[in-house]
Amino acid sequence: MKNLFLTVLFCCTTSVLFCQRQSIDSLLREIKTKSNTTDSTAIQQLVALSFSYYQINADSAIYYAQQALTLAEDLGYTLGTAMAYNRLGVAYGAKGNYIKALENYYNALRIIEKIGNEKWLSSTYNNLGYIYI
């Protein structure tokens, strides 16, 4: 019975990681294909890539979120800036750096409250809750 449980657990874990890897590969291909793109779509792809990496490699998640933040600030894309701060918080939380995670979540929260985006507001509050648990 124990062996059956371990086999099922291994299969489930492997399939999740395989799917996550496919998602990352797909996003990387999109970003490389449109390497000269400097618009909101590029920011959203970088944010998605950051989120895909946070459980596998938090440093890569930080790297892509930082790229999204820089691009969003350069373009003046306020929501993109908030999304990038949110994902930086996720990545730093995954690394166990809760102070930096909180800094980034609160940066995101200040922006999101001003623009009134409910989806990202709820996401940021949810992520803050995880830090305080």
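## Basis of the model

The model is predicted; local features need pLDDT of at least 70, side-chain atom pairs count only at pLDDT 80 or more, and totals for chains, interfaces and linings use all residues. Residues are numbered from 1 along each chain as its sequence is written, and side-chain values use heavy atoms, with hydrogens and water left out.

## Overall composition

The protein has six helices and zero strands, and its pattern along the sequence is α-α-α-α-α-α. Helices (H or I, at least four residues) and strands (E, at least two) are DSSP runs, numbered from the N terminus.

Of the 133 residues, 39% count as buried. Buried means under 20% relative accessible area, exposed means over 50%, and partly exposed lies in between (1.4 Å probe, protein chains only). The accessible surface comes to about 8,100 Å², and carbon and sulfur atoms hold 57% of that surface. Accessible areas come from the Shrake-Rupley method with a 1.4 Å probe; for residues, only the protein chains shown count as cover. Among contacts (heavy atoms within 4.5 Å) with a separation of 6 or more, 54% are between residues 24 or more positions apart.

## Helices α2 and α3

Two packed helices are described by the angle between their axes and the distance between the axes. Axes are lines fitted to C-alpha atoms, for helices over the stretch in contact, and angles run from 0 to 180 degrees between N-to-C directions. Helix α2 (residues 40–53) and helix α3 (residues 58–75) cross at roughly 160 degrees, and their axes come within 7 Å. This angle makes α2 roughly antiparallel to α3; angles over 145 degrees count as roughly antiparallel, under 35 as roughly parallel, 65 to 115 as roughly perpendicular and the rest as oblique.

The crossing of α2 and α3 is left-handed, a term used if the near helix is turned anticlockwise from the far one by less than a right angle, with right-handed used if clockwise. Residues of α2 in the contact include Ile43, Leu46 and Ser50, while those of α3 include Ala61, Tyr64 and Ala65. By class, this contact has 14 nonpolar, three polar and no charged residues. Here Ala, Val, Leu, Ile, Met, Phe, Trp, Tyr, Cys and Pro count as nonpolar, Asp, Glu, Lys and Arg as charged, and the others, Gly among them, as polar.

Helix α4 (residues 78–95) packs with helix α6 (residues 118–132) at an angle of about 20 degrees, and their axes are 11 Å apart. The two helices are therefore roughly parallel to each other, and α4 passes α6 in a left-handed crossing. In this contact, α4 contributes residues including Met83, Arg87 and Val90, and α6 contributes residues including Trp120, Asn127 and Ile131. The contact of α4 with α6 has five nonpolar, five polar and one charged residues.

The axes of α5 and α6 come within 10 Å and cross at roughly 155 degrees. Helices α5 and α6 are therefore roughly antiparallel to each other, and their crossing is left-handed. Among the residues that meet are Tyr105, Leu109 and Glu113 in α5 and Trp120, Tyr125 and Leu128 in α6. By class, this contact divides into 14 nonpolar, two polar and one charged residues.

Ser50 lies in helix α2 and is buried, with a relative accessible area of 1%. Leaving out residues up to four places away in sequence, Ser50 touches Ala61, Tyr64, Ala65 and Arg87. Glu73, found in helix α3, is partly exposed, with a relative accessible area of 45%. With the exclusion of residues up to four places away in sequence, Glu73 touches Thr81 and Tyr85. Glu73 and Ala84 are 11 residues apart in sequence, with their C-alpha atoms 9.9 Å apart in space.

Lys114 is found in helix α5 (residues 98–115) and is exposed, with a relative accessible area of 75%. Its C-alpha atom is separated by 9.7 Å from that of Thr78, 36 residues apart along the chain. Tyr125, in helix α6, is partly exposed, with a relative accessible area of 41%. Not counting residues up to four places away in sequence, Tyr125 touches Leu109 and Glu113.
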